[in-house]
Amino acid sequence: MILTVTAGKGGVGKTTVAYNLAAELGAVVVDADLGMADLPAPAGPDLHDVLAGRARIMEAVHTVSNVAVVPCGRSVAGLRAAEPTRLATVVNKLTEAFDRVVIDAPAGMHGDAGVALFVADAAVIVTRPSRPAVAGAIRTREVTRLLDVPLARVVMNRTSAPGNYEALAATLGAPVTTIAESERVRAAQRAGVPVGAVAPDSDIADRFESLADGLERAL
Amino acid sequence: MASLEWHIDRAGAISLVQLAVTSDRTARITLESSLTPVWPPRRRGRPIPGWDGAKYVGTVDAGQRLLVGYATPATPADPPATLIKTEPVDNASDGAPNTPTGVVQTLGAARPARDAVPSDQALSGATDGRVPPVERSAHPSNSTDVTQSTGEPLRTAADADHGCHPQSERSTIRQTSRT
């Protein structure tokens, strides 16, 4: 199963969702945000190196807090050297070693975001309860339709109050899961660990577990 | 039945080839240029969809003309290209890309411009010659090599972004063939 977590704009918590989802699913998470990488990045080969043909994909798999991670480089030079179309081959190679792959895609609608969706069995769109973020989610949904990628779930992230998202679910054509704004999530992200590792019995950890369960059932 | 017409302009040492394919029914056609190398039009730094080396694959609608153009440094030949395959298609494609390269061609590449990456010379000046290993491996010694190392050929007279179409020293050849 290849699941791509994407968003129409940055700053909505896409990487947080991808990382915690991978932890819950027991998946390897690939930081495919080639120009704005955010997942923990241990020393060693990364996705830039793999996409530039300088390393093999299995050399770039690291373990961070019991989560298998393929980190991405942060340099402009690495970005320039990376060939985004190779991502499809690289991810398919990963599926030989891992049953489940979560891709943290770039925000937006450029080709690198498109390739991360193209290779997926299903997509998760992350957004926030703000007008620009929802507009970005709708634009991203158009890309998934163009590429014929099923949308498994929409995550309305960092909510501060209960809301009714039925209209959004109808527009995007997928159930909406809400995840509340949480200091525990921010603290876990700062520490580079899944929230389930620092607050396993918390409501927020339960939400990520529930999201993962729902996706497993849907796929 | 598909037919091919061609027209060649000479601009200095460059041949600008224009091909027009027509068919009485919708067909997927494959053309092969006998003039090589082919410099196809580029969009966002990549050959436009359909080109693979000297071959072009496209769909011509019934009763319409499919126009294909490219440049080449080769001397004009007669014909400059041939129709090597014609397959009838019942339903036109919905236009969705079906390869990673097609996705990038459709949506556009998000890579930084070449100028955004400092050359080794610039790095040497800034660091007294101590160039970080990763930078050295990613960037050969000058900008031309950077271009070649990343697999993007230099832009040519056929570059669609620039619409370069020299007017001098032109000659014309016009022919038709049918398959």
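Reader: How many salt bridges does the structure hold over all chains, and what makes a pair such as Arg54(A) and Asp49(A) one of them?

Author: In this predicted model, the structure holds 11 salt bridges over all chains. The term calls for a side-chain nitrogen of Lys or Arg within 4 Å of a carboxyl oxygen of Asp or Glu. The side chains of Arg54(A) and Asp49(A) meet with 3.2 Å from N to O, and since the cut-off is 4 Å, the pair qualifies.

Reader: What makes the contact of Glu216(A) and Arg100(A) a salt bridge, and which parts of chain A does the pair tie together?

Author: The side chains of Glu216(A) and Arg100(A) come to 2.5 Å, N to O, and because the limit is 4 Å the pair is a salt bridge. Glu216(A) lies in helix α10 (residues 203-218) of chain A, while Arg100(A) lies in the loop between α4 (87-94) and β5 (101-104) of chain A, so the pair ties together parts that are 116 residues apart in sequence. Both residues count as partly exposed, because a relative accessible area of 34% for Glu216(A) and of 28% for Arg100(A) lies between 20% and 50%.

Reader: Why is His62(A) called buried, and which residues does His62(A) touch?

Author: His62(A), which lies in strand β3 (residues 62-64) of chain A, has a relative accessible area of 12%, and because this is under 20%, His62(A) is buried. Not counting residues up to four places away in sequence, His62(A) touches Pro42(A), Ala43(A), Gly44(A), Pro45(A), Val67(A), Ala68(A), Val69(A) and Pro71(A). A polar atom of the side chain of His62(A) lies 3.0 Å from the backbone oxygen of Pro45(A).

Reader: How many residues does each chain give to the contact of chain B and chain A, and how much area do the two chains bury between them?

Author: The contact takes 27 residues from chain B and 22 residues from chain A, and the two chains bury about 2000 Å² between them, 67% of it on carbon and sulfur atoms. Pro100(B), Leu107(B) and Arg111(B) supply 28% of the area that chain B buries against chain A, more than any other three residues. Across this interface the rule finds zero salt bridges. The elements that give two or more residues to the side of chain B that touches chain A are α1 (100-107) and α3 (133-138) of chain B, and α1(B) gives the most, with six residues. By class, that side of chain B has 14 nonpolar, eight polar and five charged residues.

Reader: Why is α1(B) said to be largely enclosed by the rest of the structure, and what covers its buried residues?

Author: Six of the eight residues of α1(B) are buried, so the helix is largely enclosed by the rest of the structure. The buried residues of α1(B) are Pro100(B), Gly102(B), Val103(B), Val104(B), Gln105(B) and Leu107(B). Their cover includes α4, α5 (111-118) and α6 (131-146) of chain A together with β5 (46-47) of chain B. After α1(B) comes Gly108(B), whose phi is positive, near 95°.

Technical notes: Residues are numbered from 1 along each chain as its sequence is written. Chains are lettered from A and ligands numbered from 1 in the order in which they are written. This is a predicted model: local features need pLDDT of at least 70, side-chain atom pairs count only at pLDDT 80 or more; totals for chains, interfaces and linings use all residues. Side-chain values use heavy atoms; hydrogens and water are left out. Contact means heavy atoms within 4.5 Å. Buried area is the accessible area (1.4 Å probe) that two parts lose on being put together, summed over both. Helices (H or I, at least four residues) and strands (E, at least two) are DSSP runs, numbered from the N terminus. Ala, Val, Leu, Ile, Met, Phe, Trp, Tyr, Cys and Pro count as nonpolar, Asp, Glu, Lys and Arg as charged, and the others, Gly among them, as polar. Buried means under 20% relative accessible area, exposed over 50%, partly exposed in between (1.4 Å probe, protein chains only). A polar contact is a pair of N or O atoms within 3.5 Å; within protein, one must be able to donate a hydrogen and the other to accept it, and residues adjacent in sequence count only if both atoms are side-chain atoms.
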